Every structure is written in structure tokens, then in C-alpha cells.
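Please look through the sequence and the model shown below before reading on. The report that follows moves from the chain as a whole to a few of its parts.

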Amino acid sequence: MQVGPAKQCRDMLAPERKAASLLYFTTLMGTLLSVFVLKVRRLEESKRERYAPVLSGVIPTTSACRAQGPAAALAALLTPAPNLGPTLSTDQVQLLSLMCVVAQFAALTWYMLSYMPYGQQCAKRVISRFL
């Protein structure tokens with residue numbers, strides 16, 4: 001049976017599926033943020049650390065003396081990034097990504113169980129036995 005986007009959105013916001021849907025989309029955004037934004041920030045910092053000692057005496061640091069072209073691009077690479085908050089290590093970023101993926105899987109499983117008769121109740125019983 002095919003369902004249109006409007007009906008699917010209404011079904012996702014039904015009381016028995018609302019929490020799982022919101023958790024899924026939140027962890028999806030968290031995963032994308034941790035994978036793309038935090039890793040890119042870390043990569044930029046490692047580039048600066050790698051090239052700064054080699055190029056520090058070659059490229060003028062004042063904005064009035066900067067050359068146009070490739071030299072300007074290298075000078076821009078050496079300019080410090082704005083402080084966007086604490087920097088995470090690569091291990092911390094990977095752990096955050098893994099936690100978001102596990103939470104996505106759990107939320108999607110809970111969402112799918114809401115379509116099965118007594119699916120969530122059975123899952124609650126199984127989980128309570130293991131805890």
C-alpha cells in the first residue's frame with residue numbers, strides 16, 4: 001500500500017510514534033553534524049599545524065602585504081580559525097557518531113514495532129527481562 005508524504009507525516013506524529021520519530025531525526029542531525037562538521041573542523045586544524053612551520057617565513061602575515069593568487073590562499077590557510085567552542089579529538093567524534101547511529105537504529109526499530117500489533121509491549125517485556 002502506497003502512502004503519500006502528508007499521510008506519512010501525520011502517521012509519524014501519531015502519539016505512539018512521535019517520540020521515536022523525533023529521536024530518529026534528532027540523532028540523524030547529530031550524526032551528520034559529527035561526521036561532516038566536526039571532522040572538517042579537525043581537518044582544517046591539522047592542515048594549519050602541518051604547514052605553519054614550513055610557510056611561516058615565506059608568506060607575509062599582514063593583510064597589506066599579502067600577494068594575490070596561490071600565496072594568498074596559503075596565507076588564508078595559516079590564519080587562525082574563529083573559536084567555535086571546544087575542539088573534540090578524533091576518537092571523541094567517532095564515539096559521538098557511533099552513539100548517534102546506535103540511537104538511530106533503536107528509534108527506527110521502536111518506530112517499526114509501533115506498526116505491529118502489541119509490538120512495543122512485547123519489546124518492553126523482552127527489554128525488562130534483560131535489565
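The protein chain exposes about 9,900 Å², and carbon and sulfur atoms supply 69% of that area. This is a predicted model, and the values given here were computed from it. Within the chain there are 5 helices and 0 strands, so that, read from the N terminus on, the order of elements is α-α-α-α-α. Of the 131 residues in the protein chain, 21% are buried. When contacts between residues at least 6 apart in sequence are considered, 74% of them join residues that are at least 24 apart.

| Residue | Relative accessible area | Class |
|---|---|---|
| Thr-31 | 11% | buried |
| Leu-32 | 36% | partly exposed |

Thr-31 counts as buried because its relative accessible area of 11% lies under the cut-off of 20%. Leaving aside residues up to four places away in sequence, Thr-31 touches Ser-97, Cys-100, Val-101 and Gln-104. Leu-32, at 36% relative accessibility, counts as partly exposed, because that class lies between the 20% limit for buried and the 50% limit for exposed residues. Leu-32 also belongs to a nonpolar surface patch of about 470 Å², which is made by Leu-32 together with Met-29, Leu-33, Phe-36 and Val-37.

**Helix α5**

Helix α5 has 12 residues, numbered 119-130, which at 1.5 Å a residue should span 16 Å, and the 17 Å between its end C-alpha atoms agrees with this expectation. Which residues of α5 are buried? They are Gly-119, Gln-120 and Ala-123. Seen down the axis of α5, the buried residues fall within an arc of 85°, and therefore they line one face of the helix. What covers these buried residues includes α4, which runs over residues 90-113. On the other side of α5, Lys-124 and Arg-129 are exposed.

Definitions and conventions. Residues are numbered from 1 along each chain as its sequence is written. This is a predicted model: local features need pLDDT of at least 70, side-chain atom pairs count only at pLDDT 80 or more; totals for chains, interfaces and linings use all residues. Side-chain values use heavy atoms; hydrogens and water are left out. Helices (H or I, at least four residues) and strands (E, at least two) are DSSP runs, numbered from the N terminus. The expected span of a helix is 1.5 Å times one less than its number of residues. Buried means under 20% relative accessible area, exposed over 50%, partly exposed in between (1.4 Å probe, protein chains only). The arc is that of the directions from the helix axis to the C-beta atoms. Contact means heavy atoms within 4.5 Å. Accessible areas come from the Shrake-Rupley method with a 1.4 Å probe; for residues, only the protein chains shown count as cover. Patches are made of residues with over 30% relative accessible area and no salt bridge: like charges are joined within 9 Å, nonpolar side chains (Val, Leu, Ile, Met, Phe, Trp, Tyr) within 5 Å. A salt bridge is a side-chain nitrogen of Lys or Arg within 4 Å of a carboxyl oxygen of Asp or Glu.
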